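Grab your viewer and work through these exercises with the model open. Each task comes with a solution that goes step by step.

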Amino acid sequence: MIKGVNLGNWLVLEKWMSPALFAGTTAEDEYYLPTQLSPEAYEARIKIHRSEYITERDFATIRRIGLNAVRIPVPYFIFGDRPPFIGCIEELDKAFSWAEKYGLGVLIDLHTVPMSQNGFDNGGLSGVCRWSQLPEEVEFVLNVLEKLAERYGHRKGLLGITPVNEPITEPVWSELNVQKRYPPVDAALAAGSAPNTIEFLRGFYRDAYSRIHPHLAEDKYVIFHDAFRLKDWKEFFAEEKFENAMLDTHQYLMNAEVKGCEQTPDGYLAYIREVFAKDIAEVQEYVDVICGEWCLFNSFATGGDTRGGQSVLNGMDYAKNEETLDAGEKRKLYRQLADAQLTAWQQGAGYFYWSYKLLLDTVNEPEWIGWDSWDLGKCADEGWFPVVG
């Protein structure tokens with residue numbers, strides 16, 4: 001069983017995970033960061049971040065926690081051929097060597113594409129979703145995937161390659177009201193943005209598999225994201241009869257809230273057991289399912305934020321600027337949430353926690369209190385997440 005963690009915010013930047021990296025700019029995503037810094041300042045900032053944020057020691061720590069894999073989000077400009085962005089193939093090379101030394105598998109996740117597949121900030125360009133409408137950019141991505149497969153397809157540490165992360169379709173595009181939640185900076189650039197069609201994704205996945213699979217050793221996988229439609233792929237996999245394919249689903253408690261989950265501890269725990277676990281078990285009958293992203297909790301509750309929110313689960317009353325749970329209560333609740341979700345993911349082929357670390361100050365900056373459950377290292381240290389080694 002895969003027991004892994006995401007190395008988020010290393011090679012693909014997310015401002016909320018390390019706000020200081022965006023200091024002195026108004027950029028909310030990676031697309032606009034180089035437009036507000038000199039080329040020299042941008043290069044220095046990126047190279048320092050990449051050299052310090054994840055190192056060999058982190059791979060040793062991940063193994064010590066008891067995990068056996070890492071999922072590494074990479075950008076479409078990984079090969080350094082889309083200026084002004086700076087490539088990062090050397091960092092991925094190092095990651096493979098570190099992973100192999102410490103006995104960890106690597107899932108390469110193409111996390112961003114040109115003009116974005118979802119309009120999220122983590123898609124690299126907020127409020128814009130036009131990639132699937134641009135045939136030349138779709139072909140560019142297929143070339144990137146093929147080059148990655150050629151480079152790593154026979155590396156011992158490779159688990160597999162994900163052709164694209166979180167491509168959005170209806171109804172999630174409407175449910176999340178993406179362009180309101182992630183307002184575009186440039187209305188002209190965002191014009192024509194729309195969710196990907198399921199027909200496009202099926203065709204893209206066929207093409208991606210045909211470009212990736214021939215370069216992979218027989219024990220490596222092509223892992224397709226479910227486009228937030230976990231139960232809609234049975235016919236597709238029956239028709240295609242892929243060898244060594246998996247389906248990646250991302251299950252966060254904020255998704256449960258969208259579906260009407262009762263926002264109480266018992267309500268969340270019941271939803272995990274009765275929906276998350278049962279849905280994965282159902283789909284696992286015809287294709288291996290991996291939960292590629294999850295965390296102890298996240299919530300739309302009260303604050304409406306995509307990550308924190310004032311919830312019964314985060315132990316923080318923002319109106320009073322104080323925590324509502326003592327350390328023992330918090331540890332008990334968080335372990336219940338962790339254990340329930342880990343049990344659910346056992347109905348499939350495994351999981352990758354989001355994410356390994358954050359660079360936030362939850363002691364001196366109260367606005368970040370309640371966000372620390374995104375940091376797996378802290379979760380393990382606090383006893384919120386079981387050390388499984």
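**Exercise 1: strand β10**

Which residues of strand β10 (residues 350–353) point one way and which the other way, and are they buried or exposed?

*Solution.* A word on the model before we start: it is predicted, with local features needing pLDDT of at least 70 and side-chain atom pairs counting only at pLDDT 80 or more, while totals for chains, interfaces and linings use all residues. Residues are numbered from 1 along each chain as its sequence is written, and side-chain values use heavy atoms, leaving out hydrogens and water.

Step 1: look at the two faces. Gly350 and Phe352 point one way, Tyr351 and Tyr353 the other way. Strands here are DSSP runs of E with at least two residues, and helices are runs of H or I with at least four, both numbered from the N terminus.

Step 2: check burial. All four of these β10 residues are buried; buried means under 20% relative accessible area, exposed over 50%, and partly exposed in between, using a 1.4 Å probe and protein chains only.

Step 3: find the neighbours. Strands pair if DSSP finds at least two bridges between them. Strand β1 (residues 2–6) runs parallel to β10, joined by four bridges, and Lys3 has Tyr351 as its bridge partner. Strand β7 (residues 288–293) also pairs with β10 in the parallel sense, over two bridges, with Ile290 opposite Gly350.

**Exercise 2: Glu293 and its partners**

Where is Glu293 found, and which residues share its salt-bridge network?

Step 1: Salt bridges with shared partners join Arg71, Asp109, Asp248 and Glu293.

Step 2: Glu293 lies in strand β7 and is buried, since its relative accessible area is 5%. Its side chain also makes a 2.7 Å polar contact with that of Tyr252 (N or O atoms within 3.5 Å; within protein, one must be able to donate a hydrogen and the other to accept it, and residues adjacent in sequence count only if both atoms are side-chain atoms).

**Exercise 3: a helix-to-helix link**

How far apart are the closest N and O atoms of Glu240 and Arg206?

*Solution.* Step 1: the gap in this salt bridge is 2.6 Å. The two residues are 34 apart in the chain, with Glu240 in helix α9 (residues 234–240) and Arg206 in helix α8 (residues 198–212).

Step 1: Glu240 is partly exposed because its relative accessibility is 25%, and Arg206 is partly exposed at 33%.

Step 2: The whole structure holds 20 salt bridges; another one is Arg229 with Asp232, at 2.9 Å between the closest N and O atoms. Arg229 counts as partly exposed at 23%, and so does Asp232 at 36%.

Methods:
Salt bridge = Lys/Arg side-chain N within 4 Å of Asp/Glu carboxyl O.
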